[in-house]
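Welcome! Take a moment to look at the sequence and turn the model around before reading on.

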Amino acid sequence: MSINLAAQVNSIMAALILLTSFGLLVQRRMYGLLHLFAWQGLFLSISTAIVGYVSGSHHLYISSILTLALKVILIPYILHFLMKQLHIHKEVEQLVNVPTIMLIGIALVIFSYYLTAPIRELSTLVTRSTLAVALATVMLGLLMMITRRHAVTQIIGFLALENGLFFAATSATYGMPLVVELGVALDILIAAFIFGIFFFQIRTTFDSLDVEQMTKLKEED
Amino acid sequence: MIELYPFIIEAIQIVIVLLFAPLFVGWVRMLKCWFQGRTSAGLFQPYRGILKLFHKDVILAENASWLFRFTPYLVFGVTVLAGGIIPIISLTLPFATVADVIAIVALFAIVRFFTALAGMDIGTAFGGMGSSREMMIGSLAEPAMLMAIFTVSLISQTTSLSNMADVVIHKEFILRPSMAFALLAFVLISLAETGRIPVDNPATHLELTMIHEAMILEYSGRHLALIEWAGMIKLFLFTTIGIASFFPWGISTSVNLINISAGIIFLILKMGFLGIGLILIETGLAKMRIFRVPEFLGSAFLLSTLGMLSYFILE
């Protein structure tokens, strides 16, 4: 595989990651969200492996396998288990004004393109053009956390945001040192467990996972 | 080698558009029957339907104006004209230099405008309902369609379909995310524009769900035959626009007879496969509620915009 073809496949992967981010933004069903998140992890893992091949830095292969194990298999499995336990796996979330959310998403993509344009000029890497997509993924994850009210979807938004950060690191600098990546991976795993505990706590307190209910927590005056 | 005059090629192409469009619809209906475990009426049933309608008398409502009588001829004529512009068997068409893809979208808009007017002309409730729904879909589908086409024309730096196809055939093949996005968007838009299943059901006259059928409910005889034929040609043309912009390999680039014949054979093969694809989509999806259609076309617009953005960002 030539470097040129690898770069092309990498930009296809970047496009697919962007597409799954938009899919996460507008998906109503819990299972659908989980599947999209797992797909995003898979594309991220393939992209990391390709960057590893292009740059010849072999520790990226390890982090690619780590992404595959964690974000495609383990975390979706944990979330799936939680959804089963909480009986929300068939739940459909109410979403208002999907076209507006999509338009805001498009605006965020354009914004991140302008933001990363100067960095793009400085960098000499083959994969530098995907930096804008990585930043857009971060912003779309943030937007998802803002627009959703369900605790589980907010967590998926957070994990998608983390995917974006990881993607930015690989595409802009050919990856962080392996120690840092291992640390982050462990953090994400621990976070997934803690989220699970929080879900149960929220549900026993409010009888629902809708975070709007938390407005009740304020003091009466 | 036998060379043909471009005008003869143009004539051959228009005959192909007229004759192959019902054949394609017949093929799609036949596949649908097979997928649903029914016996099909055969490949040539659409021809028989059109012929039968031509033999029947026209029954006009008392208050039908000239607009109502004029619309079928206009719809048919404009659709066939669009069929003369799109490079279907050859890139060297005299009409192709006259109008580009924006003009083709405008031609389809004229068809939609007059069909909607004719739907309201008689004054029945169904006609008005169908017209308002059709215009809603049109207003959402056309910008998305233009965006998808612009994404393709960014790569070839032209809006003429023939030149776009020419560039794709002759340039070195590169994996382009923008083309993939534009193709996805184009599939969604074509389903909406030609009234296929997730948006409209072409096989039903159920009052509450019909869109295109509601507008033409009052037509009969040769008027109905022309409108139905034009509808079949429209489906055929959207497929060929897709072929010309995304898979143009096989369309003849010269004027000699062998290449043109090869172009026709490639066309038949591609149409056969695309018919299977269309039926896989149609049998896999259920018809959506009318209020979900803006979301459906909104995602088509999103995809085509992402395609355009990824051209600038990733390529």
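## A helix in chain B

Among what covers the buried residues of α10(B) are α1 (6-35) and α9 (221-246) of chain B. Helices here are DSSP runs of H or I with at least four residues, strands are E runs of at least two, and both are numbered from the N terminus. Buried means that 20 or more other C-beta atoms, placed from the backbone, lie within 10 Å of the residue's own; 12 or fewer is exposed, and in between is partly exposed. The buried residues of α10(B) include N259(B), G263(B), L267(B) and E282(B).

## About the model

This is a predicted model, in which local features need pLDDT of at least 70 and side-chain atom pairs pLDDT 80 or more, while totals for chains, interfaces and linings use all residues. Residues are numbered from 1 along each chain as its sequence is written, and chains are lettered from A and ligands numbered from 1 in the order in which they are written.

## Chain A

Chain A has seven helices and zero strands. Its C-alpha atoms fill a box of roughly 60 × 35 × 35 Å along the principal axes. Of its 221 residues, 41% count as buried.

## Where the chains meet

Here, 20 residues of chain A are in contact with 16 residues of chain B; contact means C-beta atoms, placed from the backbone, within 7 Å. On the chain B side, α7 (177-193) and α11 (293-314) each give two or more residues, and α11(B) gives the most, with eleven residues.

Definitions and conventions: Contact = placed C-beta atoms within 7 Å.
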